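Open the model in your viewer and keep the selection panel at hand. The stops below follow one another, each with something to select and a note on what is there.

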Amino acid sequence: MKRLTKVSVVAFAASVALTAALPLEGCRMPQNVRKAPTPGASPGAEDKAAAADSRAAADPLAVHRAAVAVDMHADTVQFIIDDGADINRRLTTTHLDAVRMKEGGLDAQFFSVWVEPETYGLKGARAVARADEQVAAVRALAERHPETWTLATSAADIRRAKEEGKLAALLGLEGGYAIDEKIENVERFYRMGVRYLTPTWTASTSWAGSSGDTEGQTRGLDDFGRRVIREMNRLGMLVDVSHVSDKTFQDIVETSSRPVIATHSNARAIADVPRNLTDEQIRALAAKGGVVCVVFYPAFVEPGWRELKERVDAEIAPLVREAGRRAVEGRGSFRRIARDRVREREYLKRLPAVPLARLVDHIDHIVRLVGVRYVGLGSDFDGIQATPRDLSSVADLPNLTAELLRRGYSEQDVHHILGGNILRVMEEVERGTGR
Ligand SMILES: [Zn+2]
């Protein structure tokens with residue numbers, strides 16, 4: 001039983017009304033997906049029969065396990081280094097561990113190397129050291145548990161790991177704080193194994209604007225920012241636009257000579273938040289050959305959910321503060337982890353569950369706009385304090401495949417979405433080709 005306050009109930013009713021107004025065109029997807037992604041295309045009777053046949057034949061779990069599944073974003077490293085999480089065992093304190101990755105048929109995980117600006121600054125030696133520590137933690141997975149993990153730095157490494165029955169661990173640097181405004185540090189992190197860089201998290205750097213603060217609204221890339229993008233192109237490092245401001249997005253797309261990706265962002269046409277992408281931005285990424293990887297966080301999935309969460313945040317502020325105050329011993333982000341645990345517990349009790357189907361609405365929307373070759377997955381597991389229903393950990397990923405098949409996506413489409421599209425972009429960027 002959810003404990004919704006009176007205010008929350010009213011707001012939730014408003015959110016349901018908003019939701020009901022959105023187009024739910026999943027049943028029209030198979031024809032749009034396999035042929036031209038023309039909005040409003042009308043399916044023929046033969047196509048309908050063929051789609052029904054393929055749905056009947058497709059066993060979701062078998063389809064899922066045959067795919068090379070790649071997730072572009074998880075924040076699990078914070079739990080490893082600050083909370084002592086051993087992700088080689090089944091855990092209840094994280095969304096992801098090796099046991100549940102295998103159950104959920106996830107073959108490759110990009111671990112986010114995230115430097116919290118509040119704690120480590122927007123630049124400087126402490127920010128660099130914090131990133132280094134996280135890179136070392138991911139590399140240690142493969143060094144200490146080679147039977148389970150392999151460090152991957154290319155699409156070929158991911159495919160090989162799948163063939164060998166191992167989990168591929170990859171590195172992405174979220175927020176450019178750790179390059180410390182030095183161009184040579186881009187190559188330094190590349191050599192350490194980092195294969196994508198997101199210029200900002202929720203705070204702008206001096207050289208790139210964030211969607212999360214006011215200066216980001218007017219800040220694009222400066223000369224140094226453009227040099228960073230060109231250096232990433234030269235090295236074969238993926239450029240990630242999740243978190244950047246609209247102005248910076250535009251500058252990145254204009255500067256990059258290689259495909260650009262969004263590692264964890266949804267469609268603003270459905271959930272109108274700055275972290276999501278406009279239709280124009282989704283078209284711009286696809287035109288460059290990039291991929292939009294959908295994020296599982298309900299605030300970016302469900303219209304109106306973010307506003308409800310803000311009300312709950314105000315209600316639970318004393319509880320959250322108390323949790324931070326009690327967390328007296330620990331290191332790094334331990335105090336934030338303690339506060340987030342309270343948020344997670346209270347959101348579950350106080351906020352409406354968001355169905356997995358709503359996340360698939362974002363995939364449908366992107367596919368309708370640009371086609372099935374430009375969408376992927378970026379869960380943000382372990383960086384979010386709520387998940388969609390039936391997608392509460394990495395073990396639940398087959399539920400996503402089941403919903404895609406139910407909506408009429410073919411087995412091949414599902415394989416593209418689960419990982420094939422991002423492998424294609426990785427290969428293009430590694431070869432120095434692309435648009
Ligand atoms: Zn993020």
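A residue is called buried here if 20 or more other C-beta atoms lie within 10 Å of its own, exposed if 12 or fewer, and partly exposed in between, with C-beta atoms placed from the backbone. Helices (H or I, at least four residues) and strands (E, at least two) are DSSP runs, numbered from the N terminus. Residues are numbered from 1 along each chain as its sequence is written. This is a predicted model, in which local features need pLDDT of at least 70 and side-chain atom pairs count only at pLDDT 80 or more, while totals for chains, interfaces and linings use all residues.

**Whole chain**

Colour the chain by pLDDT, the predictor's confidence in each residue, from 0 to 100. The mean pLDDT of the protein chain is 89, and 86% of its residues reach 70 or more. Switch to a cartoon view: the secondary structure comes to 19 helices and nine strands. Of the 435 residues of the protein chain, 50% count as buried. Two residues are in contact if their C-beta atoms, placed from the backbone, lie within 7 Å. Among the contacts in the chain with a separation of 6 or more, 74% are between residues 24 or more positions apart.

Now select residues 1–45. Over this stretch pLDDT stays under 50, and the model has 66 contacts for it beyond four places in sequence. Where pLDDT is low, the predicted coordinates should not be read in detail.

Select strand S2, residues 108–114. Seven of its seven residues are buried. Ala108, Phe110, Ser112 and Trp114 point one way from S2, and Gln109, Phe111 and Val113 point the other way.

Which strands pair with S2? Two strands pair if DSSP finds at least two bridges between them. Strand S1 (residues 70–74) pairs with S2 in the parallel sense over three bridges, and Val70 has Ala108 as its bridge partner in S2. S1 is mostly covered too, with five of its five residues buried. Strand S4 (residues 167–174) also pairs with S2 in the parallel sense, over seven bridges; there Val113 stands opposite Leu173.

**Phe111 and the core**

Leaving aside residues up to four places away in sequence, Phe111 touches Ala74, Thr76, Val77, Val138, Ala169, Leu170 and Leu171. A nonpolar core is a set of buried Ala, Val, Leu, Ile, Met, Phe, Trp, Tyr and Cys residues joined through C-beta atoms within 7 Å. The largest such core has 118 residues, of which Phe111, Ile158, Ala169, Val292, Ile366 and Val375 touch the most other members. Helix H19 (residues 411–431) gives the largest share of this core, eight residues.

**The loop between S4 and H10**

Next, select Asp180 and Glu181. Asp180 lies in the loop between S4 and H10, and Glu181 is found in the loop between S4 and H10. Most residues other than glycine have a negative phi. Asp180 has a positive phi of about 55°, and phi of Glu181 is near 55°. Asp180 counts as partly exposed because it has 18 C-beta neighbours inside 10 Å. Glu181 is partly exposed, with 15 other C-beta atoms within 10 Å.

**Helix H10**

Move on to helix H10, residues 184–191. Its buried residues are Val186, Phe189 and Tyr190. Seen down the axis of H10, the buried residues fall within an arc of 105°, so they line one face of the helix; the arc is that of the directions from the helix axis to the C-beta atoms. These buried residues pack against S4, strand S5 (194–198) and helix H11 (223–235). The face turned away from the buried side carries the exposed residues Glu184 and Arg191. Just after H10, Gly193 takes a positive phi of about 115°.

**Helix H13**

Select helix H13, residues 279–287. Buried here are Gln281, Ile282, Ala284, Leu285 and Ala286. The buried residues of H13 pack against helix H12 (246–255), strand S7 (260–261), strand S8 (292–294) and helix H17 (356–370). Just after H13, Gly289 takes a positive phi of about 85°.

**Trp305**

Is Trp305 buried or exposed? Trp305 counts as buried because it has 25 C-beta neighbours inside 10 Å.
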